[in-house]
Amino acid sequence: MLGLGMAIGPVQPINAELAVDVTYPSDETAVESVQQIGGNFVSALLVPLAEVAARSDYELFPLREKLESDIRGDVVLMMFVTLATLVYFSGFDAPLRRTIADSNDER
């Protein structure tokens, strides 16, 4: 989880710029505020779910003694959220309106 946080944390400013670029000519501050409030809301919803999921314990490879391990439900939940996000954004192809407007202004 620490590694995931260290890898994903720096993506937030890039994500904010992408949101502003896609929603151009909307106000930058409003777009970033809505994004921050939405992120905080989703986090607030995930905390109780992760707490409930942490009570579950799943066995991995129970038939193989050398590979036998267990994993808690909160880790499974975060893996699911990470994979769902990856799948959703791997197909993201919105027009970058601010970039298009800037390139038209330069001509």
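**Salt bridges and a surface patch in a predicted model**

The protein chain averages a pLDDT (the predictor's confidence in each residue, from 0 to 100) of 85, and 97% of the residues score at least 70. This is a predicted model, in which local features need pLDDT of at least 70 and side-chain atom pairs count only at pLDDT 80 or more, while totals for chains, interfaces and linings use all residues. Residues are numbered from 1 along each chain as its sequence is written, and side-chain values use heavy atoms, with hydrogens and water left out.

Reader: In which helix is confidence lowest in the protein chain?
Author: Helices are DSSP runs of H or I with at least four residues, numbered from the N terminus. Confidence is highest in H3, at a mean of 90. The lowest mean, 76, belongs to helix H1 (residues 2–8).

Reader: How many salt bridges does the structure hold?
Author: A salt bridge is a side-chain nitrogen of Lys or Arg within 4 Å of a carboxyl oxygen of Asp or Glu. One of them joins glutamate 51 to arginine 55, with the closest N and O atoms 4.0 Å apart. The count for the structure is 4.

Reader: Is arginine 98 buried or exposed?
Author: Buried means under 20% relative accessible area, exposed over 50%, and partly exposed in between (1.4 Å probe, protein chains only). Glutamate 17 at 39% and glutamate 28 at 42% are both partly exposed. Arginine 98 has a relative accessible area of 18%, so it is buried.

Reader: How much accessible area does the nonpolar patch of Leu18, Tyr88, Phe89, Phe92 and Leu96 have together?
Author: Patches take residues with over 30% relative accessible area and no salt bridge, joining like charges within 9 Å and nonpolar side chains (Val, Leu, Ile, Met, Phe, Trp, Tyr) within 5 Å. Phenylalanine 92, in the loop between helix H4 (73–90) and H5, is partly exposed at 34%. By the Shrake-Rupley method with a 1.4 Å probe, only the protein chains shown counting as cover for residues, the patch has about 460 Å².

Notes. Helix = DSSP H or I, 4+ residues; strand = E, 2+ residues; numbered from the N terminus.
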